[in-house]
Amino acid sequence: MTEHLNEHQTTLGKFTGCSHLLGEDVDPRLFIFESGVPNSPRILLTGMIHGDEYTAFDTLSLLVQTLGERQRNDNRQHHEHKSKGNDGVASYKFPSFSYFVIPCVNVAGAVCGKRCVPYDEVDLNRSFPGGVDETVSGRLAFALGKLAGQCDVVIDVHTAGWSIPFNII
């Protein structure tokens, strides 16, 4: 999996750690924003481990949009400097972190509006470390764990899902 991640600078690709294990309808999307700085720290941000935590999806989708805009601006400035004969160094530097963002890990749960993975009714958050010969939840947990093992920081965004009663005041 590292080879796949290292070959991209800015890309939108499949979460290759589980795409061969699970059907297309449940493959999470992985957004990669490489800093371009060798050996920069890698940060993995995930949301919707529980399929009913929609606020996490919205938050991380906004982050993906913001990172994409910043990187597009950085690339544009880089090309402007190059065209003016400068050394090609942009005045705005993309933060020297590489970001790996999965706004919705539990796609099947999100589609069904369920906290657990609907194929096996297992709470994905209780499925780690998982394994290749386990249930859908276990295989997804295993693939996510492999990706997390390549990162320096992992942030999993949780929110109050629909299955948890709460009041908005």
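Analyst: Start with Ser98. Leaving aside neighbours within four places in sequence, Ser98 is in contact (heavy atoms within 4.5 Å) with Phe33, Glu34, Ser35, Ser40, Pro41, Arg42 and Ile43. This is a predicted model, in which local features need pLDDT of at least 70 and side-chain atom pairs count only at pLDDT 80 or more, while totals for chains, interfaces and linings use all residues. Residues are numbered from 1 along each chain as its sequence is written, and side-chain values use heavy atoms, with hydrogens and water left out.

Ser98 belongs to strand S4, residues 98–102. Strands (E, at least two residues) and helices (H or I, at least four) are DSSP runs numbered from the N terminus. Ser98 counts as buried because its relative accessibility is 1%. The classes are buried under 20% relative accessible area, exposed over 50%, and partly exposed in between, with a 1.4 Å probe and protein chains only.

Pro38 has 68% relative accessibility, so it counts as exposed. Along the chain, Pro38 and Ser98 are 60 residues apart; their C-alpha atoms are separated by 10.0 Å.

The rule is a side-chain nitrogen of Lys or Arg within 4 Å of a carboxyl oxygen of Asp or Glu. Glu34 is buried because its relative accessibility is 10%. Arg42 is buried too, with a relative accessible area of 12%.

Now strand S3, residues 42–47. Six of its six residues are buried. In a regular strand the side chains alternate between the two faces of the sheet. Both faces of S3 are covered: Arg42, Leu44 and Thr46 are buried on one side, and Ile43, Leu45 and Gly47 on the other.

Next, the pairing. Two strands pair if DSSP finds at least two bridges between them. S3 pairs with S4 in the parallel sense over five bridges. Here Ile43 has Tyr99 of S4 as its bridge partner. S3 and strand S5 (residues 153–157) also run parallel, joined by five bridges. In S5, Val153 stands opposite Ile43.

Follow Leu44 next. Not counting residues up to four places away in sequence, Leu44 touches Phe100, Ile102, Leu144, Leu147, Ala148, Cys151, Val153, Val154 and Ile155. In soluble globular proteins, nonpolar side chains tend to be buried together. A nonpolar core here is a set of buried Ala, Val, Leu, Ile, Met, Phe, Trp, Tyr and Cys residues joined through side-chain atoms within 4.5 Å. The largest one has 16 residues; Leu30, Leu44, Phe100, Ile102, Val105, Leu124 and Leu144 touch the most other members. Strand S2 (29–33), S4 and helix H5 (136–148) are the elements that give it two or more residues. H5 supplies the largest share of this core, six residues. Apart from it lies another core of ten residues, including Ile43, Ala56, Leu60 and Val157.

Back to charged pairs. The structure holds four salt bridges. One of them joins the side chains of Arg115 and Asp52 at 3.8 Å, N to O. That pair links distant parts of the chain, 63 residues apart: Arg115 is in the loop between helix H4 (107–112) and H5, and Asp52 is in the loop between S3 and helix H3 (54–83). Asp52 is buried because its relative accessibility is 2%. Arg115 is partly exposed, with a relative accessible area of 25%. Asp52, Glu53 and Arg115 are linked in a network of salt bridges. Lys114 forms a salt bridge with Glu121, where the closest N and O atoms are 2.5 Å apart. Lys114 is partly exposed at 31% relative accessibility, and Glu121 is partly exposed with a relative accessible area of 46%.

Finally, the whole chain. It has five helices and five strands. Their order from the N terminus is α-β-α-β-β-α-β-α-α-β. Of its 169 residues, 41% count as buried. Among contacts with a separation of 6 or more, 67% come from residues 24 or more positions apart.
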